Amino acid sequence: LIDALATIHGTGNYQAPDHESNWEALTHYQGHGTYIVPYYQSGGFLGPGDSPTSRRLRRGNHNVAEYLGPVDFRQVKQVTDILMTKANDQANKVIKKHLATSLKSTHSDTEGFSFYNFSTARQRLLRLTGAAGKAFELDKQPLASQDDGEDLLVDVSLPAYGRGAIVPTKQKASSPADSVSAGADFLENGLLRIEFDPQSGTICKMVDKSNGNELLVDNSHAFYFPQSEQQVCLNSTVQLNGPLRGRIAFEIELTDGKGSICRLTTRVSLDAGQPVATFETDIMQTPDVAGNQWNNHLGVRFELAEVTAEISTSHFNVLEPFHHRQIYSSYLLLAGDTLFLNTGNEFYTRDDGALSNILIMENEAARHFQYAVGLPETNPVMQSRKWSQPCFIEAISEIEPQTCHSLIHFDSNDVELLSCRFHEGTLLLRIANTSASKVKTDLQTFGAINSASITTLANSLLETLTV
């Protein structure tokens with residue numbers, strides 16, 4: 001989208017070969033041919049052989065093997081990881097270059113930051129590197145801020161798939177509508193209160209403040225591996241105490257009494273006005289795990305207050321009930337009134353009121369994980385996108401203050417932009433409806449539109465649209 005914009009405005013040339021290879025990586029990542037087609041053939045998208053269609057037609061998991069033949073999906077994943085890493089690197093370079101030049105002006109000596117939000121409209125804290133102690137504005141409106149070390153966190157209302165310039169100001173921002181407080185054993189904003197056990201680093205309870213209902217109960221966010229004992233918190237630190245973000249860091253160790261040891265650091269943060277707490281966990285040392293991944297792994301367990309909560313799992317842009325112990329759910333999982341978000345750690349197990357998120361399996365390295373838990377919004381799928389999708393930001397020495405604006409905007413909150421291509425002056429947008437019913441929406445773009453139509457992925461015309 002950014003490359004197409006530069007081409008249309010005459011400030012760049014569309015890098016078609018790069019985008020062709022990126023498109024190939026994306027189709028691998030989304031599972032075309034390895035996931036979507038065989039599961040459609042076997043009865044639907046409700047999980048491995050478990051959908052109303054597959055049950056009615058007496059079709060099941062074996063139909064996938066019949067359709068594809070025997071497949072080792074590990075090789076598919078290895079290729080996909082390589083392709084996606086390369087694609088991400090290429091995309092980041094294009095965006096970084098665009099942000100460094102698109103809002104730059106030789107007539108300005110203002111130092112600021114340009115940003116590009118790849119998501120629907122959302123409220124989010126942005127990190128301005130090296131800007132602690134300074135004040136900034138967007139569209140002539142001062143931004144609420146909070147120092148984080150040498151950096152500055154600013155509370156920004158980001159336009160849908162849009163860009164803008166954040167520039168210094170002498171104005172003082174008004175106090176935020178909501179604020180966060182943090183202590184040695186709690187985090188709290190206007191929506192959630194989370195209490196911790198300082199001795200173990202586990203969560204004692206997570207409470208929905210609107211009604212007092214508990215989402216999680218004692219011994220939640222507890223790490224484990226086969227035969228491991230109760231974790232011990234070696235040290236905890238309140239790193240941030242509001243008003244925009246509260247953050248507590250825990251250094252944790254767990255052993256099995258036989259010499260195996262796991263060491264990790266987990267940082268729990270809660271932002272003003274946000275309905276979920278975010279966990280950033282760095283695994284530094286972990287024992288080897290081997291064999292059945294559903295039993296032998298390093299994971300983190302949450303104790304649900306609603307023991308009989310129904311699980312709904314995600315398959316790209318839909319949420320559907322799932323009633324089995326072994327769970328795969330990309331991006332998000334809904335357990336009754338509790339929302340779980342993930343970025344790659346997509347496997348879970350359910351044992352009565354315990355929901356466990358698998359982090360490290362056989363032959364996987366100790367690494368960084370990011371996930372979140374809290375309250376679901378009206379559309380949890382779109383909520384997960386707003387939480388995980390990136391906002392790129394770049395420091396600019398000669399920035400031109402401009403009104404921030406959307407490049408692509410839908411007036412329905414249920415529609416998302418999946419991907420974009422540009423070909424012979426035509427912008428091709430792949431979009432998805434994330435609701436359970438049909439939606440009607442207007443689409444606005446950054447420039448004038450001559451004509452518009454809906455096509456299949458194979459470019460067959462379905463409908464001509466009114467402009």
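Predicted model: local features only at pLDDT ≥ 70, side-chain atom pairs only at ≥ 80, totals over all residues.
Start with the inside. The largest nonpolar core is built from 42 residues, and Phe196, Met206, Leu216, Phe223, Leu333, Phe340 and Leu355 have the most contacts inside it. Take Met206: leaving aside residues up to four places away in sequence, Met206 touches Leu192, Arg193, Ile194, Asn213, Glu214, Leu215, Leu216, Ala277, Val373 and Gly374. Apart from this core lies another one, with 15 residues, including Leu128, Leu143, Ile166 and Cys391.

Next come the rings. There are ten aromatic pairs in the structure. In one of them, Phe302 and Phe340 have ring centres 5.3 Å apart and planes at 70 degrees, so this pair counts as edge-to-face. Phe302 sits in strand E18 (residues 298-303) and Phe340 in strand E23 (residues 338-342), so to speak a link between distant parts of the chain, 38 residues apart. Both Phe302 and Phe340 are buried, and together with Phe279 and Tyr371 they make up one aromatic cluster.

Tyr328 and Phe347 form a pair too, with centres 5.3 Å apart, but their planes are at 55 degrees, so the pair is tilted. This pair ties together parts 19 residues apart in sequence, because Tyr328 belongs to strand E21 (residues 326-328) and Phe347 to strand E24 (residues 347-351). Tyr328 is partly exposed, at 30% relative accessibility, and Phe347 is also partly exposed, with a relative accessible area of 24%.

Finally, the surface. Ile454, Leu462 and Leu465 make a nonpolar patch of about 260 Å² there. Ile454, found in strand E33 (residues 452-455), has a relative accessible area of 36%, so Ile454 counts as partly exposed.

Conventions. Residues numbered from 1 in each chain as written. Heavy atoms only, no water. Core = buried A, V, L, I, M, F, W, Y, C linked by side-chain atoms within 4.5 Å. Buried < 20%, exposed > 50% of the residue type's maximum accessible area, 1.4 Å probe, protein only. Contact = heavy atoms within 4.5 Å. Patch = residues over 30% accessible without salt bridge, like charges linked within 9 Å, V, L, I, M, F, W, Y side chains within 5 Å. Areas by Shrake-Rupley, 256 points an atom, 1.4 Å probe, with all protein chains shown as cover. Salt bridge = Lys/Arg side-chain N within 4 Å of Asp/Glu carboxyl O. Helix = DSSP H or I, 4+ residues; strand = E, 2+ residues; numbered from the N terminus. Phe/Tyr/Trp six-rings, centres within 6.5 Å; stacked < 30°, edge-to-face > 60°.
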